[in-house]
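Visitor: I would like a close look at a single part of this model, the salt bridges, and then at what surrounds them. Please go through it step by step.

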Amino acid sequence: MWRTRAAAACVICRSLANSSCGIKRKSPLQNLHLVSRSIHHPCYSSSKFQRPPLRISIQLFSSLNRLPLRKAKLLNVKYGYQFHRNFWLARLASRLLKVRYLILGSAVGGGYTAKKTYDQWKDMMPDLDEYKWIVPDFIWELDELIDFEKFIQALPDADDLAKLLPDFDKIGESFASLKGFLSPGAPGETAFRATDQGYDNDKQFKKGLLGELILLQQQIQQHEEEARRATGQYNMGSSQQKRKVSDKEKIDQLQEELLRTQLKYQRMLERLEKENKELRKLVLQRDDKGIHQRKLKKSLIDMYSEVLDILSDYDASYNTQDHLPRVVVVGDQSAGKTSVLEMIAQARIFPRGSGEMMTRSPVKVTLSEGPHHVALFKDSSREFDLTKEEDLAALRNEIEIRMRNSVKEGCTVSTETISLSVKGPGLQRMVLVDLPGVISTVTSGMAPDTKETIFSISKAYMQNPNAIILCIQDGSVDAERSIVTDLVNQMDPQGKRTIFVLTKVDLAEKNVTSPNRIQQIIEGKLFPMKALGYFAVVTGKGNSSESIESIKEYEEEFFQNSKLLKTCMLKAHQVTTKNLSLAVSDCFWKMVRESVEQQADAFKATRFNLETEWKNNYPRLRELDRNELFEKAKNEILDEVISLTQVTPKHWEEILEKTLWERVSTHVIENIYLPAAQTTNSGTFNTTVDIKLKQWTDKQLPNKAVEVAWETLQEEFSRFMTEKKGKEHDDIFDKLKQAVKEETIKRHKWNERAEDSLRVIQHNALEDRSISDKQQWDAAIHFMEETLQSRLKDTESVIEDMVGPDWKKRWLHWVGRTKEQNIRNETKNELEKLIKCNEDHAAYLANDEVTTVRKNLEARGVTVDPCLIKDTWHQIYRRFFLKSALNHCNLCRRGFYYYQRHFVDSELECNDIVLFWRIQRMLAITANTLRQQLTNTEVRRLEKNVKEVLEDFAEDNEKKVMLLTGKRVQLAEDLKKVREIQEKLEAFIEALHQEK
């Protein structure tokens, strides 16, 4: 009977095992009660059987953590009691229905296990509170500004994120293997002693990956000391060396083991840095796209760089010395300064030349972290993508052009600073200044003072007590040839702010016969100068086409295989540009924190002094800087140009008519009126006048009229510009107004088509001979009389100069005549007799008349040249003609009646009055036409030119500095600069405190 029941129970067990195949168990019997195991399976170990209590609960376990998921229904079991076999199918069905509870339990257990695994990972991550300053401020404000639920939905899948996370299993294995052969030691020095001297070396690091790495580094340094002691013991004596060959093998083995540990540690650091860089780049890129289109806050290094840019432009008599920190890169020419700077910036951004001076002016490079590797100039909005070769070439070309443009004629180097900003993921935040390389000899093509200029530039930057001097020394040349080390030693004899960098160590290792010499340099025992820290770097193989990545790989490969590291001449933290960049950045920010508040106080005191001086000298004037003064002067000038449109038409026409007649009167009298007046009758007079007027109109008159109009506009414009406005007049604008006036007049050109239309108008005016009324007739006579009297006065003045003073002046003023004047006086008297004898004499003397006059004078003892006779005759006849014409004008006052009858049956002819009326009418019409063109066109064009000139001057700072000068302007400029510097320094200090 027991055997039959046992067989039935086995069937039930097998059916339960098959139905629960998805759940991990030691054997199918684990789901049965212990009583069933002992009764139905005698093969089951009886030693493990215990008498169960009266009510037993069956427990199910998860495949992940074996925790109880759910209690099954309690069974009332009595010891020795057996179930009736008629109900085994019902029990089997009820057990099969419980499979769903097993699946549900497994899911809950899996979730709990995942949470536990996450907690374990979280414990493994380092505590980054000490390094919170690395992350920009806006990252800590994301929880306030960003809806992270939407952000989480936008993140990549778990598989994609898993690829970016480090392999913590392998890291754990690495730590386990390192702990196996490294004994724990006391904490040693940090990676860079110079920058960490001010910090607490006994600081306890929290558990995590970073703590493990620091412990590993300390253990590496301990191994270095052990290897060094072992090497010293090995070198104590050759006799001991022979006896202890095994010690040598032990030393070699220890050194190899140490080197492998260092390389493994370095690779681990590089991998973690790379993974951190990728994660930060992802965060920065997502923020750069603007998830909520918010304005980003300026980074700390950008704020600091702006202060330095303003200070570089600040130059005045009240200049506060600039003692803000920056990293000054100095070195001999071709020592590798630029290459080191490029490795720190992770881009080939500077122009190159084989042995040629390429750095011709200081270049300020601001390094900061950003999502994209780009560069841009301070005064330009163009971004150069440093991941593209064409943009790199364009950037190098732009830097070279700016350097050459900054160098003045006759010079080789310039003191003007070129400001460049470089952003990229993983860049250390700092400000570096690359200076021209120090030279020992001035070669052909250089200015004679090039060497002294470079020294003065270097000293000017290094004498800043807070500047960090990055001294670059070429390791491939003899140390005795170094020039820059003596210069650095003069500026920083204690070495409190100097970092020494030995470049081209790969060439030095090949060429130097004694490797100990490199060790002496790195330990600071060879050069007289002292330094905060010493570094050895490799910046490539000398090929300008090498990429930054290839140079990094070459540098890493070289130091891995270098004997300098294997023999412990160099320490791991003293090599590679990466360690150099970290050390310089730490030192830079330490110096900034120590000195920036002191500088802010100095500028605050300077601001107080300047404000006091302004109140004492200019108590009633606002503090307007040069740009504000220029805007004020610009408005005044434009108001004065608008005043031209307020000039009355009558004023324009009077000025134009008067000026035009002064310009053309000589031509009218000498070339038109006098030749026509020599004719015998009125018909010939009118014909001659018409021909000469037409010729004059076609060739000269329109051009002369336009010139007169343009000169009149200039005079009126100048009058408005230079006219003082009483008490409101400000002398400070006079030079600017004069420059604007001259430049505007130079640019303004009269409309060329105006001459053509003016020619037609003038020709029609001169063809009209009809005088309509007596008033016009009298006006013409008055115009003619004024003209002739003016000419007569000029002629008499010329004659007086020719013959000397008359007897009244001789007696009253006690003056006499010269010999030539006596001869001319005798000639004048003889010619006047000739005219009295013949009042209708022609304008020119005949040859026989000249001979007669000459002989008459010779008879009186006066020798005269024929040319002198003719010259004197011209003036004597001109005076006689003008007097006759004036008498004729008086006769023609009553001639208007005869004019209306065309002088029929009259001996009076007044054609000359008609000529002057035609000239007068042409002048009036021309003045009216020019006035319309001035007011309608030219004044507006002049105003446009003035605006263009002012806009050009506004963009030219040098022009504004030259035109707006004086103590008042300079004091206002100093106040503006000092206030701006102080405000930006205070904002920077506030952000710096927040970062702490």
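Guide: In this predicted model, Arg607 forms a salt bridge with Glu611, and their closest N and O atoms are 3.1 Å apart. Both residues lie in helix α23, four residues apart, about one turn of the helix. Arg607 is partly exposed, with a relative accessible area of 24%.

Another salt bridge pairs Arg860 with Glu826, with the closest N and O atoms 3.6 Å apart. This pair links distant parts of the chain: Arg860 is in the loop between α33 (847-859) and α34 (866-891), Glu826 is in helix α32 (residues 819-837), and 34 residues separate them. Arg860 is partly exposed at 41% relative accessible area, and Glu826 is partly exposed at 28%. As for Arg607 and Glu611, salt bridges that share partners join them with Glu623 and Arg979 into one network.

The structure holds 40 salt bridges. One of them joins Asp302 to Lys423, where the closest N and O atoms are 3.6 Å apart. Asp302 lies in helix α14 (residues 300-313) and Lys423 in strand β9, so the pair ties together parts that are 121 residues apart in sequence. Asp302 is buried, with a relative accessible area of 17%, because the cut-off for buried is under 20%. Lys423 has a relative accessible area of 27% and is partly exposed.

Strand β9 (residues 418-424) runs parallel to β6, and seven bridges join the two. Within that pairing, Val365 stands opposite Leu420 in β9. Strand β10 (residues 430-434) runs antiparallel to β6, with five bridges between them; there, the bridge partner of Leu367 is Met430 in β10. Six of the seven residues of β6 (residues 363-369) are buried, so this strand is largely enclosed by the rest of the structure.

These strands belong to an open sheet of nine strands with mixed pairing, in the order β8-β7-β9-β6-β10-β5-β11-β12-β13. At the edges stand β8 (384-385) and β13 (533-536), each with a single partner strand, so one side of each has no neighbour in the sheet. Elsewhere in the order, β11 (residues 468-474) and β12 (residues 498-503) run parallel and are joined by six bridges. Asp474 has Thr503 in β12 as its bridge partner.

Back at helix α23, Thr576 is found in the loop between α22 (563-566) and α23 (577-617). Thr576 is buried, at 14% relative accessible area. Its side chain makes a polar contact with the side chain of Asn579, at 3.3 Å. Leaving aside neighbours within four places in sequence, Thr576 is in contact with Ala536, Val537, Glu555 and Phe559.

Aromatic rings complete the picture. The count comes to 14 aromatic pairs. Among them, Trp614 and Tyr618 form a tilted pair, 4.9 Å centre to centre and with 50° between the planes. Trp614 is buried at 3% relative accessibility, and Tyr618 is buried at 18%. Ring pairs also link Trp661, Tyr673, Phe783, Phe881 and Phe916 into a cluster. Two arginines lie over rings: Arg402 over the face of Phe377, at 4.0 Å from the ring centre, and Arg719, whose charged end sits over the ring of Phe720, 4.6 Å from its centre.

How values were computed
Residues numbered from 1 in each chain as written. Predicted model: local features only at pLDDT ≥ 70, side-chain atom pairs only at ≥ 80, totals over all residues. Heavy atoms only, no water. Phe/Tyr/Trp six-rings, centres within 6.5 Å; stacked < 30°, edge-to-face > 60°. Buried < 20%, exposed > 50% of the residue type's maximum accessible area, 1.4 Å probe, protein only. Lys NZ or Arg CZ within 6 Å of the ring centre and 35° of its normal. Polar contact = N/O pair within 3.5 Å; in protein donor to acceptor, adjacent residues only side chain to side chain. Contact = heavy atoms within 4.5 Å. Pairing = 2+ DSSP bridges. Salt bridge = Lys/Arg side-chain N within 4 Å of Asp/Glu carboxyl O.
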